[in-house]
Amino acid sequence: MAKIVIISGGPSKTTRLKGIIDYAQSVLSEQGMDVEELHVIDIPAEDLILAKYNSEAILATNKKVEEADAVIVASQVYKASFTGILKTYLDLLPQKGLENKIVLPLMLGGTISHLLAIDYSLKPVLASLGAENIIKGVFTLDTCVTREEDGSTTIEQEAKERLEASFHKLVKELKKQ
């Protein structure tokens, strides 16, 4: 069974991004994948900000990424790029931390003008970490994802279809290995 790690670069676990991550986990688990979420906000802030490469939390998180066959990197768009907390963590991954991994970027943004944030801000960083097999990312407008009062999330059908197509491509790439 292939192992997929989802790195959530969101500043909260109750955002619409979490809805997309939950959807990814559900769809990929149904396809027989072993999926684990890593929330950057669970890493102690001091370890991130002071770049404590050898902290237990950083080492444990990096080990999970190292052991994964594929990595999904998810973030909201802030200031036309991915979140600062995600960048802080990615800076603490080993230089070739994404080498030999299939990588799928997912971003959620408030306006279509952020559509290219994946290509112009996130993909170069992923490539600098050794990622060569980067699946075409999925940008989703935040208006396509609704947080319900009960905490559940509703994703519009068109967005679901684009996400599912990327998940299918990810699984197809994993089966080639």
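The following legends describe several views of one predicted protein model.

In this predicted model, local features need pLDDT of at least 70 and side-chain atom pairs count only at pLDDT 80 or more, while totals for chains, interfaces and linings use all residues. Residues are numbered from 1 along each chain as its sequence is written, and side-chain values use heavy atoms, with hydrogens and water left out.

**Figure 1. The protein chain as a whole.** The protein chain has six helices and eight strands, where helices (H or I, at least four residues) and strands (E, at least two) are DSSP runs numbered from the N terminus. Along the sequence, the pattern is β-α-β-α-α-β-α-β-α-β-β-β-β-α. The radius of gyration of the protein chain is 15 Å, close to the 16 Å that the globule rule gives for 177 residues, so the chain is as compact as a globular protein of that length. This radius is taken over C-alpha atoms, and the globule rule is 2.2 Å times the number of residues to the power 0.38. The C-alpha atoms fill a box of roughly 40 × 35 × 30 Å, taken along the principal axes. Of the 177 residues, 49% are buried; buried means under 20% relative accessible area, exposed over 50%, and partly exposed in between (1.4 Å probe, protein chains only).

**Figure 2. The largest nonpolar core and Leu28.** A nonpolar core is a set of buried Ala, Val, Leu, Ile, Met, Phe, Trp, Tyr and Cys residues joined through side-chain atoms within 4.5 Å. The largest one has 30 residues, and those with the most contacts inside it are Ile4, Leu28, Leu106, Phe167 and Leu170. At least two residues of this core come from each of strand E1 (3-8), helix H1 (16-30), strand E3 (70-76), strand E4 (102-109) and H6. H1 gives the largest share, seven residues. Neighbours within four places in sequence aside, Leu28 is in contact (heavy atoms within 4.5 Å) with Ile4, Met33, Val35, Ile72, Phe167, Leu170 and Val171. Apart from this core lies another, of 29 residues, among them Ile43, Leu92, Ile118 and Val125.

**Figure 3. The largest pocket.** On a 1 Å grid over the protein atoms alone, a pocket is an open set of points where a 1.4 Å probe fits, with protein on both sides within 12 Å along at least five of seven lines; lining residues have an atom within 4 Å of a point. The volume of the largest pocket is about 350 Å³, a volume being the space filled by probe spheres set on the points. Its lining has 16 residues, of which Lys136, Gly137, Val138, Phe139 and Arg162 lie nearest the centre. Two or more lining residues come from each of helix H5 (117-128), strand E6 (138-141) and helix H6 (157-176). The largest share, four residues, belongs to H6.

Figure 4. Thr140 has its place in strand E6 and is buried, with a relative accessible area of 0%. Beyond its neighbours within four places in sequence, Thr140 is in contact with residues including Ile20, Met107, Ala159 and Arg162. Ala165 is found in helix H6 and is partly exposed, at 47% relative accessible area. The C-alpha atoms of Ala165 and Val138 are separated by 9.5 Å, although these residues are 27 residues apart along the chain.

**Figure 5. Ser55 in its loop.** Ser55 lies in the loop between helix H2 (45-49) and helix H3 (56-67). With 11% relative accessibility, Ser55 counts as buried. Ser55 and Pro44 are eleven residues apart in sequence and 9.4 Å apart in space, C-alpha to C-alpha.
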